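I am opening a notebook on a structure that is new to me. The entries below record what I looked up, in order.

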Amino acid sequence: MRWLTKLHTLNQRWLYLATAMLLVLPLLVRVPVPSSGASGATRGLYDAIDSCPPGKVVMINSNWDMGSRAECEAQLDCVVRHLCRKRTRFVVTSVGLVFGPMFAEKVIRPIAREHGYRYGRDWVNCGYIQASGGLGVVVDGLCRDFHRVRPADANGTPIAELPLMDRVRTVRDIHMVYCVGYAPEREWISFVNGQHGTPVGFGCMSIMAPEYYTFLDSGQLCGVLVGNRGSSEYEALLGRPGLGSRLIMVASFGNCAILAAAVLGNVGMWAAERKRRQAR
Amino acid sequence: MRKSVVRAITFVAGLFFLLEFLLPAGEGRKPGGPAATQPAAVAAPGGAATAPATAPVRAAAPAEVGAAAKPKKKGNFLTPLLPDVTNFAIVVGAMAFLLGPINLVRNHLATLLRRGKGRVESCAFLACLVLGITVKSFEGSELGARLGMDVLHDALSFGVATAFFASSMALLAFYLVSAAHRALRLNNLEAGLMLVAATIVLLGQVPVGDWLTSGLPGWLQFRSWTQWLLTYPNGGVQRAVLIGASGGAIAASLRHWLGLGTRTE
């Protein structure tokens, strides 16, 4: 019984060591992901992208960097693969995050090359767009006149010289907007969907997802990829397990570590209280 | 006098955006559902998923592209001015953006010159700022390539900055486990409710939860419970918070717009 009381004051370093081991294990050993079908949030985004008519373009706002790479990279990867498989053209922006274009490029370029996509004709990276004037103003500006707000792409090439951008002038030319990042901003919903009626989908970190369920429920968001769970479900819909399917097992082990720590803490607390009562 | 000018500009700009939004719009300005923005004939996506990788990207018929590119009618009489006003706001925002670095430089420079407490940190900040600006200014140019600025830029961006981001976020995993051990204690009913909700959501968001309850009927699985918790109790709370915060934001915006509650001089 004495050892149970020690759980109450367990040295945190043991917890850290156990957590590190639990997180690394599924990366070293391939653990099969139990198949459970896609949630409504994932299915909604998949269907919205799948229903893109010929000639329309999908806009991706990629606002993630190293801090949120663990979840956002797979979310961008699976959606770009879907677009390329469907032969749908896309435009990438990073509104408000300087590092966004670099990370997006690292994910998109190999997939685009693999599918025979040519830069400028089939996809364009418009790069970083500063939003210091207020994100709403910038998003509204992009919706009304894309060329005016962002006259050059990430490499500095005038977008008027890129064939794809000839057909992307306002939000009316865009089938849907997919925003992927730590916590995609609500301005995209307010302006792109609220004012112009263009569908908006999000890909966000798991911890930020509760914020978006209300918009999903109201239909203002067509779908949400929730962390690695969302990307693993999306990959299952594509029939091609990838990064998300591998990382969801890491998240599984991490969540189990949190629950195990809570159980250990409670057991230790009860044991310590019982000992105190017996001592009285 | 200066503040009066700022307040006047704020009022006029606010009035412009408000009127542009509220005044009746023509066809081109009408909000519509997704169906309204799409062509009537939507190609069935059935065979697209199996299209070969080398197939050309589907091109739209010229008429379709033209129809999408040119809205039939402009909105109200203020709409044509909107891009210019929006650009003005972006430019003003960019100017305001400079205020942060300027203030930081002034403060840290003062600390450094006074040899005050934290001068080492101030020195590090100023050195990093100068290095960052220099590297970014030369990056991509011929001179920059000769000076090795491209390599330095990549080293700073992908080597140093991303390593800092990754480390700080990765540490959260350890803090979460540590916090769960110390704080998620079953002391009373409220704590119990939170612990149960946390357990359901944590397990419902990962495949382990599906696996644990795979033998149970659908409505008893962790996944269904998680969905219910996130959609109803969480959704209700989120809406309440959002409505309250939006009301506060409207009040604050009105005060700014009308220049209420601020001293003139």
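**Entry 1. Domains and overall form.** Into which domains is chain A divided? I noted domain 1 (2–30 + 251–279) and domain 2 (40–240) for chain A. The model is a predicted one, and I keep that in mind for every value here. The C-alpha centres of domain 1 and domain 2 of chain A lie 40 Å apart. Along the principal axes, the C-alpha atoms of chain A fill a box of roughly 80 × 40 × 35 Å. I listed 11 helices and six strands for chain A. Of the 280 residues in chain A, 53% are buried. I also looked at contacts in chain A with a separation of 6 or more, and 71% of these join residues 24 or more positions apart.

For chain B I wrote down domain 1 (1–24 + 71–121) and domain 2 (139–183). The C-alpha centres of these two domains of chain B are 30 Å apart.

**Entry 2. Confidence.** I checked the scores next. The predictor gives the complex an ipTM of 0.87 and a pTM of 0.82. Chain B has an average pLDDT of 79, and 80% of its residues score at least 70. Over residues 27–72 of chain B the pLDDT is below 50, and in the model this stretch has 63 contacts beyond near neighbours in sequence.

**Entry 3. Where the chains meet.** How many residues does the contact take from chain A and from chain B? I found 70 residues from chain A and 73 residues from chain B. On the side of chain A that touches chain B, the elements that give two or more residues are helices H2 (12–28), H5 (100–114), H6 (135–144), H9 (213–218) and H11 (243–279) of chain A. The largest share of that side, 15 residues, comes from H11(A). Sorted by type, the residues of chain A on that side are 26 nonpolar, 25 polar and 19 charged.

**Entry 4. The nonpolar core.** Which residues have the most contacts inside the largest nonpolar core? They are Val58(A) and Val224(A), in a core of 94 residues. I followed Val58(A) and left aside neighbours within four places in sequence; its contacts include Ile49(A), Cys52(A), Leu83(A), Phe90(A), Ile174(A) and Met176(A). Thr88(A), His175(A) and Tyr178(A) are also in contact with Val58(A).

**Entry 5. Helix H8 of chain A.** This helix covers residues 187–195, and its buried residues are Glu187(A), Trp188(A), Ile189(A), Phe191(A), Val192(A) and Asn193(A). I looked for what covers them, and the cover includes strands E1 (57–63), E4 (174–181) and E5 (200–204), with H6 and H9 of chain A. After H8(A) comes Gly197(A), which has a positive phi near 75 degrees.

**Entry 6. Two arginines with positive phi.** Most residues other than glycine have a negative phi. Arg87(A) is not a glycine, yet its phi is positive, about 60 degrees. I placed Arg87(A) in the loop between H4 and strand E2 (89–95) of chain A. Is Arg87(A) buried or exposed? Arg87(A) counts as buried because it has 22 C-beta neighbours inside 10 Å, and 20 or more are needed for that.

Arg115(B) also has a positive phi, about 55 degrees, without being a glycine. Arg115(B) sits in the loop between helix H4 (82–114) and H5 of chain B. Arg115(B) has 7 C-beta neighbours inside 10 Å, so I marked it as exposed.

**Entry 7. Helix H5 of chain B.** I then went on to H5(B), residues 119–138. This helix has 20 residues and reaches 29 Å from its first C-alpha to its last, close to the expected 28 Å. H5(B) is followed by Gly140(B), with a positive phi near 90 degrees.

**Entry 8. Two partly exposed residues.** Ala38(A) lies in the loop between H2 and helix H3 (40–50) of chain A. I counted it as partly exposed because 19 other C-beta atoms lie within 10 Å. Beyond four places in sequence, Ala38(A) touches Arg43(A), Tyr46(A), Glu233(A), Ala236(A) and Leu237(A).

Arg69(A) belongs to helix H4 (residues 69–85) of chain A. Arg69(A) has 18 C-beta neighbours inside 10 Å and so counts as partly exposed. Not counting residues up to four places away in sequence, Arg69(A) touches Trp64(A) and Phe103(A).

Terms used
Residues are numbered from 1 along each chain as its sequence is written. Chains are lettered from A and ligands numbered from 1 in the order in which they are written. This is a predicted model: local features need pLDDT of at least 70, side-chain atom pairs count only at pLDDT 80 or more; totals for chains, interfaces and linings use all residues. Two residues are in contact if their C-beta atoms, placed from the backbone, lie within 7 Å. Helices (H or I, at least four residues) and strands (E, at least two) are DSSP runs, numbered from the N terminus. Ala, Val, Leu, Ile, Met, Phe, Trp, Tyr, Cys and Pro count as nonpolar, Asp, Glu, Lys and Arg as charged, and the others, Gly among them, as polar. Domain bounds come from an automatic or database domain assignment. A residue is buried if 20 or more other C-beta atoms lie within 10 Å of its own, exposed if 12 or fewer, and partly exposed in between; C-beta atoms are placed from the backbone. A nonpolar core is a set of buried Ala, Val, Leu, Ile, Met, Phe, Trp, Tyr and Cys residues joined through C-beta atoms within 7 Å. pLDDT is the predictor's confidence in each residue, from 0 to 100. The expected span of a helix is 1.5 Å times one less than its number of residues.
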